[in-house]
Amino acid sequence: MSNNLSTELLEKFSEIGLKLTAEKDVNKLLELILTECIKITDSDAGSIYIKEEDEETSQLIFMYTLNTSMSFPFKSFKLPITMNSIAGACAMTGEIYNFKSMDDTLEVLGFHHNRSFDESYGYETCNMLVIPLKNYNNDMIGVLQLINKKKDPKHKFIAYSND
């Protein structure tokens, strides 16, 4: 890493740190985290799931999403924390998953990436970085997914149909 890039990155992190400490609204804070993580990683899209627990179950709530290639109607949903989904597996294990290809999910997690979103909206998920979100006590509080690292910021991850 060159000194210029290193200095530039440190300045960006410092700038983000100031924004994060200034924001008191948790919802705005999570949106800010998602937006800045997408920018820093040159990702096309991302989402945040928040862990919700009651006496009987633990689940993730799909809370925030951002996509730079397309817009689509947002709909929150709940997801069980199990090894049957990428976000659920991350929340269960606390591990970071870096899928350079979505085909890697079979080898790493034992199942294929669910392409229903892609098929419904004409999107193409090619790669994904999945990070557990933890609080200062190291308790799991959610999951961050960063989708489709871009080599070219202008690239749109749209699946073109031959129909």
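A residue counts as buried when its relative accessible area is under 20%, as exposed when that area is over 50%, and as partly exposed in between. The structure discussed in this report is a predicted model, and the terms above are applied to several of its residues.

## Salt bridges

The structure holds 6 salt bridges.

| Pair | N to O distance |
|---|---|
| Glu36 and Lys39 | 3.7 Å |
| Lys149 and Asp42 | 3.9 Å |
| Lys150 and Asp44 | 3.1 Å |

The pair Glu36 and Lys39 belongs to helix H2, which covers residues 26-41. The two residues are 3 places apart, about one turn of the helix. Their surroundings can be described through accessibility. Glu36 has a relative accessibility of 3%, which is under the 20% limit, so Glu36 counts as buried.

The bridge between Lys149 and Asp42 has its ends in two elements of the fold. Lys149 lies in strand S6, whereas Asp42 lies in the loop between H2 and S1, so this pair ties together parts that are 107 residues apart in sequence. Asp42 is partly exposed because its relative accessible area is 42%.

A further link joins the side chains of Lys150 and Asp44. Lys150 is found in the segment after S6 and Asp44 in strand S1, so the pair ties together parts that are 106 residues apart in sequence. Are Lys150 and Asp44 buried or exposed? Both residues are buried.

## A residue of strand S1

Strand S1 also contains Ser47. The relative accessibility of Ser47 is 3%, and this residue therefore counts as buried. When its neighbours within four places in sequence are left aside, Ser47 is in contact with Leu34, Phe62, Tyr64, Thr65, Val143, Leu144 and Gln145.

## The largest pocket

The largest pocket has a volume of about 750 Å³. Its lining consists of 32 residues, and those closest to its centre are Tyr49, Phe77, Asn114, Phe117 and Gln145. Several elements give two or more residues to this lining: strands S1 (43-53), S2 (58-67) and S6 (140-149), together with helices H3 (86-93) and H5 (116-121). Which element provides the largest share of the lining of the largest pocket? That share comes from H5, with 5 residues. Sorted by class, the lining of the largest pocket has 17 nonpolar, 13 polar and 2 charged residues.

S6 gives the most, with 4 residues. By class, the lining of the second largest pocket has 5 nonpolar, 5 polar and 3 charged residues.

Terms used:
Residues are numbered from 1 along each chain as its sequence is written. This is a predicted model: local features need pLDDT of at least 70, side-chain atom pairs count only at pLDDT 80 or more; totals for chains, interfaces and linings use all residues. Side-chain values use heavy atoms; hydrogens and water are left out. On a 1 Å grid over the protein atoms alone, a cavity is a set of points where a 1.4 Å probe fits but cannot get out, and a pocket is an open set with protein on both sides within 12 Å along at least five of seven lines; lining residues have an atom within 4 Å of a point. Grid points are joined across faces, edges and corners, and a volume is the space filled by probe spheres set on the points. Ala, Val, Leu, Ile, Met, Phe, Trp, Tyr, Cys and Pro count as nonpolar, Asp, Glu, Lys and Arg as charged, and the others, Gly among them, as polar. A salt bridge is a side-chain nitrogen of Lys or Arg within 4 Å of a carboxyl oxygen of Asp or Glu. Buried means under 20% relative accessible area, exposed over 50%, partly exposed in between (1.4 Å probe, protein chains only). Contact means heavy atoms within 4.5 Å.
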